[in-house]
Amino acid sequence: MKLAILGAVAVAAAGFAVAVSYSEATEAPSANASPIYGVTIPEGYRDWKFVAPAQEAPPLDELRAVLANDIAIDAYKSGTLPFPDGSILVKLAYKRKQSTEFPPATVPGAPTTVQVMVKDSKKYPDSHGWGFGRFIDGKPVDVAQHETCLACHESRVKDHDYVFTRYAQ
């Protein structure tokens, strides 16, 4: 009797696992995922390591900071190219403004975008292994803006695994 009950529980558990995995596999993409690539803003990214700053000239006129997860940081430090799968880079962009406390300084003003690159050569074979996401106020921008990501990276930084940012020593 005990064996029959255990068998019934095992069959029920297996059926439940299949139903859950099927429902996850067939879910529509999240409203917070970028079009084309399905990239989302990674949880906890604000605690990642700093890679480098950048200043974007007008008309964007932005200050930018790039953060990376440990996989990408290890690749940067060791000079590994291409970046390994699992590497994630996040660029935070802000309008530039003059500091009120120290006038010679330029400081971050209003945030403009969060941009994400995820390396997964199996998921993104048609974009050299990279998935892209651009977000404003936590929401992905439209398809047209995402269509510009790959072409820009291909035309300018092919020799650095399609990544603009170099590690600031």
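## Largest pocket

Helix α3 gives the largest share of the lining of the largest pocket, six residues. Helices (H or I, at least four residues) and strands (E, at least two) are DSSP runs, numbered from the N terminus. The model is predicted: local features need pLDDT of at least 70, side-chain atom pairs count only at pLDDT 80 or more, and totals for chains, interfaces and linings use all residues. Residues are numbered from 1 along each chain as its sequence is written, and side-chain values use heavy atoms, leaving out hydrogens and water.

A pocket is an open set of points on a 1 Å grid over the protein atoms alone, where a 1.4 Å probe fits, with protein on both sides within 12 Å along at least five of seven lines; lining residues have an atom within 4 Å of a point. The largest pocket has 26 lining residues. Arg 64, Lys 91, Gln 115, His 153 and Phe 164 lie nearest its centre. β1, β2, β3 (88-98), β4 (106-119), β5 (130-136) and α3 (143-156) each supply at least two lining residues.

## Second largest pocket

This pocket is lined by 14 residues. Nearest its centre are Pro 111, Thr 112, Thr 113, Val 114 and Asp 137. β4 gives the most to this lining, with four residues.

## Fold and hairpin

The protein chain has three helices and six strands. Their order along the sequence is α-β-β-α-β-β-β-β-α.

Strands β1 (residues 49-56) and β2 (residues 62-68) pair in the antiparallel sense over seven bridges; pairing requires at least two bridges found by DSSP. Ala 54 stands opposite Arg 64 in β2. Five residues separate the two strands of this hairpin, and Asp 61 in the turn has a positive phi of about 55°.
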